[in-house]
Each structure stands twice: as C-alpha cells, then as structure tokens.
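Opened the two-chain file today and worked through it piece by piece. These are my notes, in the order I looked things up.

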Amino acid sequence: MSLLREAERCVANQYAHGFNAFITPLSRAGPWLDRVKEADVRKEEGKPKSAVDGRLISIKDNICTRELPTTCASGILDKFTSPFNATVVDQLEAAGAIIAGKTNMDEFGMGSHSINSHFGPVKNPRRDSSGEDLSAGGSSGGSAASVAADQCYASLGTDTGGSVRLPAAYTGTVGFKPSYGLISRWGVVAYANSLDTVGILGKSTANVRDIFNILNQHDQRDPTSLSISSRSRIQASIHTPELTSRLASAPLRIGVPMEYNVSELTPSVRRAWALSLAHLKKQGHTVHSVSLPDTKHALSTYYVVGPAEASSNLAKYDGVRYGTRAEGPDGDGKPDGYLFSNTRGQGFGQEVKRRIVLGTFTLSADAIDNYFIQAQRVRRLVQQDFDAVFAAKNPLAAQGTDKSAKDNDVDVIICPTAPSSPPRLSDLMSKSTKTSPLDAYVTDVFTVPASLAGLPAISVPVTVSGEKDTELAGIQVIGQYGDDQLVMKVGEMLEGRNLD
Amino acid sequence: MLRSWIGSGTLRSLCARRLTQPALLYPKAQFSSAPNRYLEPPASADRVPLRKQLKQEAKALRSHKRQRKETEEASREEWELTVGVEIHAQLDTETKLFSRAATSTSETPNSNVALFDLAFPGSQPAFQIATLLPALRAAIALNCEIQPVSRFDRKHYFYQDQPAGYQITQYYEPFARNGYVDLFDYDGIAPEDGERVRIDIKQLQLEQDTAKSQEYPPSTQLLDFNRVSHPLIEIITMPQIHTPATAAACVRKLQAIVQSCGAVTTGMEMGGLRADVNVSIRRRGEAPGQHQYDGISGLGQRTEIKNLSSFKAVEDAIIAEKNRQIEVLESGGVIEGETRGWTIGTTETRRLRGKEGSVDYRYMPDPDIPPLIIGEDLLSSLRDSIPTAPDTLLTLLIGSEFNLPIEDAKPLIELDNGARLEYYYDVVDILRSLQVDQDDKTRSSLARVASNWVLHELGGLLAKADRPWDAEIVPARSLAHLIDHLQRKLITGPTAKQVLAILFDGDHRPVPQILEEENLLLRPLSREEYIALAESVIALNPQMAEQIRSKNQLGKLGWFVGQMMRTGEKGRVEAPKAEKILRDLIMG
C-alpha cells in the first residue's frame, strides 16, 4: 500500500469514527498530501528519509505545534496556538513524518481515563462484551485510541505517572516511556517537570523503536535533556560484556516484585501476568522474586510530587499574556483584586483544580516538611529499591557506590501495566456511583514507581484465552536507567502473544 | 502572541538619565531637605529681610534637629533597636537570567522578551552563565564564602507582573554566604557606633526581576515585560544594626561596593537598587525577647518595611517604625509580625499586610534548573581581576601619598564608577613628572591641588553643562599642564579657570599654545604698578580704608583686592601681591 493510501485511510478514519480521539484532526486536504507523495517517491527510489518518512504521527495536545492549536484539553487554552514547535515535532517533521493532528487527553495530563477533557471524554475503540463504551486510559487516551483505531501510524503522548503505558494497556497498543531525560521536553507543556517524559504509542514495538531512535537526541533547549557526554557514559555502562550478552547469548533474569501482587489485581490480569512469565520461562529465561519494599509508598509519593509541581507549573495560566480570559472584567470588580481569579476559576476543570489545591497545600509552609520533602525522600528510596534489584548499575548514581553483584539481581522487571481491564465510561462519568478520584489514582499503582525513578518502561498487549472469551491485558517491562533498548526487546518478546 | 493591548501598549520606560554631578558631589544635599514648614515664608505681611529670614530658619532647623536628637537619644537609652537589611540590585549583564533576551532599561516596551520570560507553555529556562560573573564579583567584594553548589527555587505568588506565577530565586541554597561589610565613621554611621562597625552578611542570592506594571484606574493595566527576569542579587544582612543612621550608611556602603566592583550599573536613585528593612526593639536591661532571626536570639517581634528607594527613606522609615513600636509597647500593646510600607514625605509607616494575610511563598526547588556548580578556578581569576575595594582606595587617598581630605577622597572614588579616580591618578602622575624640578614641599601639595581641579573646577563645569563624565573632554595631560603653569605662577588662578573653560568648550590646542596665542601668560606688574593701582582703588573708598586702619578690620582688605583685580589689566594682578601692597599702604 502506498504511503498516500495509508495516510488517506487514516484521515478518513479520523472523521469516520472519531472516538473523540482528536481535539484537532488533520484536515483532509492540505500541503501534507504533497509531502506524503514526495515520501512515496523516495520510498520507490529506496531512499526514504527515515522509517517514518511519509507516515502520519498524531501528537498529544500538550505538545506544542506551530501549525495546529495546543489546548492541553483545557478551557484556559481552548483557542491557544503556540508560537513554536516542540523539538520532538521538529524532529519528526525533519524525518519526513506528517503531524496527524492533536489528540485528546486529560486536561494538562491529569487523569487516568481521558475523561477530564474540556473537549469531552475519549472513547476506547474496544467495547466490552455488552457493547458499552470503555475508558481509553489516560492521560494520553486520545493518542492510544488514534493508534488503535488506525487513525494514524503512531502517536506521541506524554507519560508522567503512566499516561502512555496505561492507555496502551487499555487499547491494546504498545506504549513506551523512555528513561527520563532522553527525549527533549522543549515544547512539552509541563505537568510535573521532574516526572514528565515524552512517550511513544504504536501498533508494534518495532514502530515505537524507530520513532524512539529519531527522538533520542540531546537538545540544548531542554535543561533536563541528557548531555552528549552523559549519553556516552550511559552507553559505556550498558555495553559491558556481561550486559551485552543479555538476550544475545545469556538467558534473561526476570524479576517479579512481590509487592506488586496487590489486592486490587483482577484475576484476569493476574493470569495474564503469570502466563507471560511462564511464556518467557519456556524460552529459557529465569524468573526471580524480588522485593521493592517502598512500592507501597510510591503512589502516595507520586500524588504529592506531581500535584506540587503542577500547582507551580499551572500558576502561569492567567489569561494575561495568552489563553482564554473569563468574560467581563476580572478581579471581582475590586481595584486591587487579582486580574485573573475568574479566569482561572472558569478555565480549569475539576481535577486540575483539585491537584492545584493539593499541590498548593503540600508546598505550604506548615505542610512542606511532612509532604513534599518527605515525598522527595521516599522517591529516592523507590529509586534505590530498583537499583538494588537490577544487575546493571544505575549510570547516574554517584560514583563509588559500586554495589556487589548479588545472586538475585535481575535484568528486567515484568508486571502488569494496570491492575484491571478498562472500566466503563458510564461508570466513571456517573456521579452517583462510588468512584472517587482515589479510585482513578489506584489505576496508576504499577506505573508510577518507574516514573518516580525515571526508568524506561513499556506496556505491550497480550491476550489470554479465557473460558468465555479472550481477554486483553497490558504487560509492563521495566529496566534499569538507560536500558531502553533491552526493555523494548523484552516487550517485543511478549507483544501480541496469545497465552493460555 | 502578545495581546495587542500589551504589545502595542506605550508604557513609557523611565528614561535612563545619566547621573549628574551635583547630587553626588554634595551628598549632604540629600539630607538637607528639612521639613517644609521651616522653609515656608512667614505668614505676616511684614517684610522680613531675606538675610534675617534665612538666619531664623536655620535657627529653627537647628533647634528642631537638637530636639529630635534629644528625644532619639532618650529612647535609645531605654530601647535597643535591631535592624537587618535586604537589598535587591540589578546586575550589570547583557542577557536575562534564564534567556538570551537582552536586558534593557529604555527600549520599546515588550521588545526584549523570550518565550520563557513570558512563561509560554512548553518553554524552559536556559541559565545564562555570564550573569553569574557580576554576582560573583559582588560576593567576593562582600567577603562571602562562595558555595561550590547552589540551587534555584521557585517563590510563588500571583501578580500580573510575574508571568510564571513564581519568581526563580535561591532560597534553600544561595550561591554565597557568610560575608561582611565594614562601616566606618566616614561612611556616616551613628556616633555611638564609634569608628567602625562590622555588619555580617547572611547570604547573597541570584534571582529574577519582575515586569513593570502601570495602573490606569479603573480598568487598564499596562505591562512591560522587558524587565522580567533581569538578573538581580539579593543581599541579606544579619540583624546587627542598632541605629537608623548606621542602617542608611550600610545600604549606602553596600551600594557603593557593588557598584565599584562592577556588579551593578545603577543605584537607588535610578531604581536599580531597592531595600527592605526588618525592625525590632527590646527594652534594655530586661529579659531577652522571645524571637530569633538568622540565628540571633533574644530579639523582639520584628516587622518588615518593604521597597525603600532612597537612603533617606531607609533612615526615616526605621526611625518612624522604631517610634511606632515604642509607642505600642509603652501603651501596653503587642507588636504584630507584619509587613509595612513607607511613603516618602510621611512620618509613619503603614501596614501592608499582617501575619494572617502574609503570603506563603511555597518555596520549591525548580525541577528544570540544574544545580549551579562554581569552580575554584573561576573564583581565583575573578579575585585577581576585581577592582580595589573602596575602603582600600580611601585609605590610600587620605594617606601620606595623596593626603586628601575625606570629603574629597570619597567623591573621587564614588563618581563615575571609578572613571573619575582613574583620571585623577593620570593628572597627578603627569603633574608630578612635570614638577620634578620643584622642591618637596611644593610637590607634596600637588595631589591635593589636583583633586580640587578634578572635582570642583572640572566637576562644576560638567554640572553646569549637565554633561556626563568623559575623560576626553579635558584630557588629563591638558589639566596637568594647566595646573603646572598655575603652580609656577606663570598664570593667575582666574586665568587658569578661564583656560579650563576654553578647554572644556572643545579647544584642542595644547595648553602652552593657548596661553601663548591668547596672550594669557602672566606678565607680572612691577611694584610701582601695584602701588599706583592700589592707590587708585583706595581713592574710591577712603572711608573704608580709614575703617581698616583705625579698627584693624583686615577682613575688609578683600574688597580692595577685588577692586584691584577688576580694574587692573586682566590676568596680571596677583591677589596675594595686591593684598600685601594694600596692607602696606593702608596700615602703613
């Protein structure tokens, strides 16, 4: 199939059955058509610019694009167009890719089901057996849905606490969150800077890897982008003889964290996990129980650190320099009133307000020691937990903390991405049911530890044949910092497997 | 992307008028603004001679000052005042703190702003390393320990002049700590502080400035973001100051130091430096107070006075706040920890916000900005290149080599960011080489004579013409030659002044040539010519001559000298000789 046919089919899908995946879809006609045609010529000549030359890649709406609006799914930016492109957008376009529109999401990335959007909830292209609409996961639900519904070739999302991996698990796609600092965040609207990463969603790990290799570059505009020298140091630490032999000649040592066997785990997800491990064992790899004792604090740590940074990052939205102002004069009509209290009150949605208030509290003078500072300590412990079980050293750890190799050191950790299959949208949206924000937070229990530690993690879909029907689940592979390629390789071993 | 009402807004920037000399030449002028009521014309219609009026006013002012001094002294004996100072100064840098946008004071509003300066979504800070250099110079000049690792924090508060909703500063780990500043009697400290007092500096931190906002009630606010993220240093002293005068001297000295080391461009008078003070009192001889600030315990509850923009405001605000606190405590009240403001021309501080209304800044480490790591190699090269400290210069100038009075040495150091002093050195060097043939006594007086010409004669011309300093207006060599001719009595004083004015107006001829061509060289009058001239002026006013003789009023000889200068041939009458002849003739 020509690239042009493929692209036109994707765009047709965007308009045919939307699933509300896009806030700004790609226009049917435009200069992009010529760019795809040119890519087709290059493909014919065997000289494509890259693996994504002429491919449609959708972009989460919190990543800045000069040509299309960037709303972050918020009322306060509902008409905002950024004056500049994010580095990742420039990188993709330089590689010949077409920006396939801007995808729906939870406002500013805050949510686990992509229902907290000023533009309405995203629907999962999959429905449950009774035909009910399901959650597409969040916050990159639009990106995942656009991939699952063939509305694009692949998608860029952002992953702060699982926002790429969870939607991938719910929609049956591959979602990869690289090590923190590998992909530039310049032009990525900050939710929680110290956790935010650009993530990639695709139909296969191979597609995801192609895109990752394009984006995995130092960017001097992002002060948290790893320098070229740090990158070579990390490469050197991964390319020791013991580590390069993994998968090549030596079997993998796979870790299974005891603490991840939580009560919220549904039987079908637990089964998918067990069968995935059994599958790898059959291939000659070994499975080891490991302990990550601080996991139980990770979720609460995440919900202190994330909102704290968010309350700070979102202070800039006042409708003064850009963005949507509330109607009429602001400041409650008082001469010394704030010029933007109504604007912020009207522009932000409920969940965003909740997290701003939460973060404002945890940073306040009386609470900061017990919450924010404490959370930073726990975050360090979570990272040390991982360092303690991985055979590979954390290349960013302080020099001279050489750990002695232990028998139970593992190469990767394998666990579910989410504790359950996607919930019904109707259950999530109805105010009468028992769902509270806390229920949504629990969804992130397996994804936030890797985010807190900045580790690479991928969610790949597996299917499990059940008694009545086939269940889909997302299985997550987590690796040591900088071990991104290994994580993707292991994901590839499980991706799309039908296990029984 | 700016809204048109901001983008095209014509907020007029404060014009960066260059410093003019009088204000600095005569620093006392700032302190002479006595309460206006003493200067108002008398209410009665009776004509009071101006001279008498001036005398009465001066008397009233003196008695007011004496009275104020007495009450101040009385309260000082009973109450101990404690003050700490915080100073914000704009650093002299090319770029903003976290973007490559240029710093500017007089550009078109909103012309120098980068994406990050406006807090555009997705933009990130790019720390400009060069901005660190002036900050480090200030820290070195203030004897601080430079921290090898420091970090940036976010200080949150909402206001339209703060685009991100937070200011990036260094709260938890500032880049410099534990410095000090020495204040001497000549810096204007209170007499009770003796010859010298050392004020410790707690820390220096780097931070961003805010935008300029202008209100046009009821519904218009104009914002100019050019100033946003201009690099600032905040200097925080320990609460170790115990008199208002010393607090003002401290602020003045800190400004002089950061200016002389090239850390900042403008001072308070240009809005480049602002001060906050914290003030507490405790009754002497009583149990220590309950409060502790910066590790100093036993203090009373303190209040903060924000945004003082002159040295006088610092002193007056502290006096007013101290007196207010005394009044509250003496009437059985309690001091609230609150933030107060001060308006120039008032006599009381006013409450801005109380403790319950105080802002919780929610300081948070900035997750996007890496720690600042400062190497010893950078510090040692900066230490080598830092200009000599003002105190060291002062010691040199008042020492035996130059022998200048303090009131000349200080302005030489402070004026024109050290350029005036450089010029002065040049003049003295050339002059000394021109006068190698002279005796030691004459040569040793040269430095003092030169300072008079550099400061007062040349300074006066600059002030009158309202021109900024430029060493090329009257080249040092020309001035030195002029003084050399004067010293050798080849020209008279008035001629020298006349030639200086010619040079100042742009005449580039060498001094000897000017003197030659304009026929200005002194052709001394003979004794006979002096006598003839003296007799002619005595004849104009024989009564006065008689008075001088009979009542021995030698002071009145000056009038006759003046007459001789005026009527004699221009540039030929030498005042000392004229006076001697007059004395001989009148006194006999």
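**Ground rules.** I'm working on a predicted model, where local features need pLDDT of at least 70 and side-chain atom pairs count only at pLDDT 80 or more, while totals for chains, interfaces and linings use all residues. Residues are numbered from 1 along each chain as its sequence is written, and chains are lettered from A and ligands numbered from 1 in the order in which they are written.

**Chain A, overall.** I counted elements first: chain A has 17 helices and 12 strands. Helices (H or I, at least four residues) and strands (E, at least two) are DSSP runs, numbered from the N terminus. Next I looked up the radius of gyration, taken over C-alpha atoms and compared with the globule rule of 2.2 Å times the number of residues to the power 0.38. For 500 residues a compact globule would come out near 23 Å, and chain A has 22 Å, which agrees. Along the principal axes, the C-alpha atoms of chain A fill a box of roughly 70 × 65 × 55 Å.

I then checked burial: 56% of the 500 residues of chain A count as buried. A residue is buried if 20 or more other C-beta atoms lie within 10 Å of its own, exposed if 12 or fewer, and partly exposed in between, with C-beta atoms placed from the backbone. For contacts (C-beta atoms, placed from the backbone, within 7 Å), I looked at those in chain A with a separation of 6 or more, and 77% of them join residues 24 or more positions apart.

**Domains of chain A.** The bounds come from an automatic or database domain assignment. Chain A has domain 1 (3-228) and domain 2 (238-292 + 405-494). Their centres, taken over C-alpha atoms, are 23 Å apart. Between them, 37 residues of domain 1 of chain A are in contact with 35 residues of domain 2 of chain A. On the domain 1 side, the elements giving two or more residues are α5, β5 and α6 (205-215) of chain A. The largest share, five residues, comes from α5(A).

**T171(A).** That sent me to α5 (residues 165-171) of chain A, where T171(A) sits. Buried or exposed, I asked of T171(A)? T171(A) is buried, because 31 other C-beta atoms lie within 10 Å. Not counting residues up to four places away in sequence, T171(A) touches several residues, including N124(A), R126(A), G137(A) and A148(A).

**Strand β5(A).** In β5 (residues 174-177) of chain A, V174(A) and F176(A) point one way, G175(A) and K177(A) the other, and all are buried. I went through the partners next; two strands pair if DSSP finds at least two bridges between them. β5(A) runs antiparallel to β6 (residues 197-202) of chain A, with three bridges, and V174(A) has G202(A) as its bridge partner there.

**Where A meets B.** I found 33 residues of chain A in contact with 29 residues of chain B. On the chain A side, α10 (295-313) and α12 (350-363) each supply at least two residues. The largest share, three residues, comes from α10(A).

**Chain B.** Chain B is split into domain 1 (82-213 + 222-372), domain 2 (388-518) and domain 3 (527-587). The centres of domain 1 of chain B and domain 3 of chain B are 61 Å apart over C-alpha atoms.

I traced an open sheet of nine strands with mixed pairing, in the order β2-β6-β7-β10-β1-β11-β14-β15-β16 (chain B). Its edge strands are β2 (145-146) and β16 (350-353) of chain B, each pairing on one side only. β1 (residues 79-90) and β11 (residues 273-283) of chain B pair in the antiparallel sense over 11 bridges, and E80(B) stands opposite R282(B).

**Helix α8(B).** In α8 (residues 390-398) of chain B, P390(B), D391(B), L394(B) and L397(B) are buried. They cover an arc of only 125 degrees around the axis, so they are on the same side of α8(B); the arc is that of the directions from the helix axis to the C-beta atoms. Their cover includes β6 (176-184), α5 (244-260) and α9 (406-414) of chain B.

Technical notes. Contact = placed C-beta atoms within 7 Å.
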